Amino acid sequence: MSSAPPSFGEAVRVWLKVGLLGFGGPAGQIALLHREVVEARDWIDDDEFARALSFCMLLPGPEAQQLATWLGWRIHGVRGGVAAGLLFVLPGLGVMLGLSALYVVHGRSDWAGPVLLGLKAAVVALVLQALLKIGRRTIKDRSAASAAIAAFAMMAFTTLPFPLVIICAGALGWLTAKGGEGALPPPAAPPKGQAKTALACLALWLVPIALAWWIAPGSVLAWMGLTFGGLAAISFGGAYAALAYIGQTASALGWLSAPQMLDGLGLAETTPGPLILVFVFVGFVGAFQTAPVEWAWVLAVLGGLMAAWTTFAPSFLWIFAGGPLFERWGRRPRPARALAMISAAAVGVIGQLALWFAIHLLFRGGQTMEVAGLFRLMLPDVGSLDLAALGLTVLALTLTFATRLPMLAMIAVMVSAGVLLKVVGAS
């Protein structure tokens, strides 16, 4: 650590602040964690933060929550990791449960359209700002720049899966590392109790799934536990990759329709915390719509909580089991260079996600062309340009980069601007 460690209470207040202000998707949340932990308080230095981010990018599940968990664990051990990981999710979880309840009462979320439009424009600006910050910190040489560009191209113009992009970057770093391993001292022994902690995390993750199958085998709640829990173990590629899978599954199993899935994604964009909180919406609304009337609300809450638990609980297992191993080996030349290349590739991946988000915000229509099942090109329909979305995006970029308005103030201005446009258009 770069400075004296904070008290546990002081750290908890910071983790709660991050949970309440964690808008802007993983890029914005990672930037917020960096600002609070590295820039403002010097609890962790830049190099250690970058290595931790590289490690979390290798894991399935929400990398920003895992990074928060790792930071809490690094500063205060298991209790710190639990506090940081839970507080990163709980504010958004509470909001998402409330929005899901409003949704099943009031139907389609057309009422949220103006708010969502302003918020999405703000998110584009925040993600771009975070991308530039992370890029400046991570891209330190030509090899790193090449890895970032290659990762962007592979994600934007090919159908290659995200894990393959990360594996290629890590392999490149491993093979091009300078310096030998022999002169380094052997890594330290693993912390005492690591295996017990990992087993406890594994049990806590699986118990709700097992209970659901024992009490109501084959029920919607049981299948939700199995579906979300299984996806948590293989969901490499970030929230959007996971959303593509769960959208198809929820539709096939009769939980939600495709338009409802899009509504949930829009609502998830309004909440702090990981975008993957949309799974809470899927669990809540899916259970509500498939349950007997007298049990609909109870099962809806249980469905939302089941989705949240089985999605986020594995993060503690990955960090508490893998974090000590990473600490033992991460500074050695070959692993360190591999992780540096993965960090650089992650910049390219985040850039591609920012482009994807901006295109879908600014254009109402378009198509994706594929060639030989390997190459693809996203072609927006220029005639479908949304002038309101374009104007709001320009305003958000101006507020972010020219006036440097604080994040929450900028979000408030953008939401107000979206509502104002709706009012003016209706008059």
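Author: In this predicted model, threonine 400 has a relative accessible area of 5%, which is under the 20% cut-off, and therefore counts as buried. Threonine 400 belongs to helix H15, which covers residues 387-401. Its side chain reaches back to the backbone oxygen of alanine 396, at 2.8 Å. Leaving aside residues up to four places away in sequence, threonine 400 touches Ala125, Gln129 and Met410.

Threonine 271 is found in the loop between helix H11 (258-268) and H12. With a relative accessible area of 3%, threonine 271 is buried. The side chain of threonine 271 comes to 2.9 Å from the backbone oxygen of alanine 268. Once residues up to four places away in sequence are set aside, the contacts of threonine 271 are Phe23, Gly92, Val95, Met96, Leu99 and Leu277.

The aromatic rings come next. The model holds eleven aromatic pairs. One of them joins tryptophan 15 and tryptophan 43 in an edge-to-face arrangement, with 6.2 Å between the ring centres and 70 degrees between the planes. This pair links distant parts of the chain: tryptophan 15 lies in helix H1 (residues 8-21), whereas tryptophan 43 lies in the loop between helix H2 (25-39) and helix H3 (46-57), and the two are 28 residues apart. Tryptophan 15 has a relative accessible area of 3% and is therefore buried. Tryptophan 43, at 3% relative accessibility, is likewise counted as buried.

Another edge-to-face pair is formed by tyrosine 103 and phenylalanine 281, with centres 5.0 Å apart and planes at 75 degrees. Here too distant parts of the chain are linked, since tyrosine 103 is in helix H4 (residues 63-106) and phenylalanine 281 in helix H12 (residues 278-290), 178 residues apart. Both tyrosine 103 and phenylalanine 281 are buried. Elsewhere, ring pairs join Phe228, Trp255 and Phe279 into a cluster.

Charged side chains also meet aromatic rings. The charged end of arginine 41 sits over the ring of tryptophan 43, at 5.8 Å from the ring centre. Arginine 79 lies over the face of phenylalanine 8, 4.2 Å from the centre of that ring.

Helix H8 spans residues 194-215 and has 22 residues. From its first C-alpha to its last it reaches 32 Å, close to the 32 Å expected at 1.5 Å a residue. At leucine 206 in H8 there is a kink of about 35 degrees, shortly before proline 208. The buried residues of H8 include Gln194, Ala198 and Cys201, together with Trp205, Ile209 and Ala212.

These parts may now be placed within the whole. The secondary structure of the protein comes to 16 helices and two strands. Of its 427 residues, 50% count as buried. Among contacts between residues at least 6 apart in sequence, 75% join residues at least 24 apart. The pair of tyrosine 103 and phenylalanine 281, 178 residues apart, is an example of a link between distant parts of the chain.

Terms used: Residues numbered from 1 in each chain as written. Predicted model: local features only at pLDDT ≥ 70, side-chain atom pairs only at ≥ 80, totals over all residues. Heavy atoms only, no water. Phe/Tyr/Trp six-rings, centres within 6.5 Å; stacked < 30°, edge-to-face > 60°. Helix = DSSP H or I, 4+ residues; strand = E, 2+ residues; numbered from the N terminus. Buried < 20%, exposed > 50% of the residue type's maximum accessible area, 1.4 Å probe, protein only. Lys NZ or Arg CZ within 6 Å of the ring centre and 35° of its normal. Expected span 1.5 Å × (residues − 1). Bend = angle between axes of the 7 residues up to and from the residue. Polar contact = N/O pair within 3.5 Å; in protein donor to acceptor, adjacent residues only side chain to side chain. Contact = heavy atoms within 4.5 Å.
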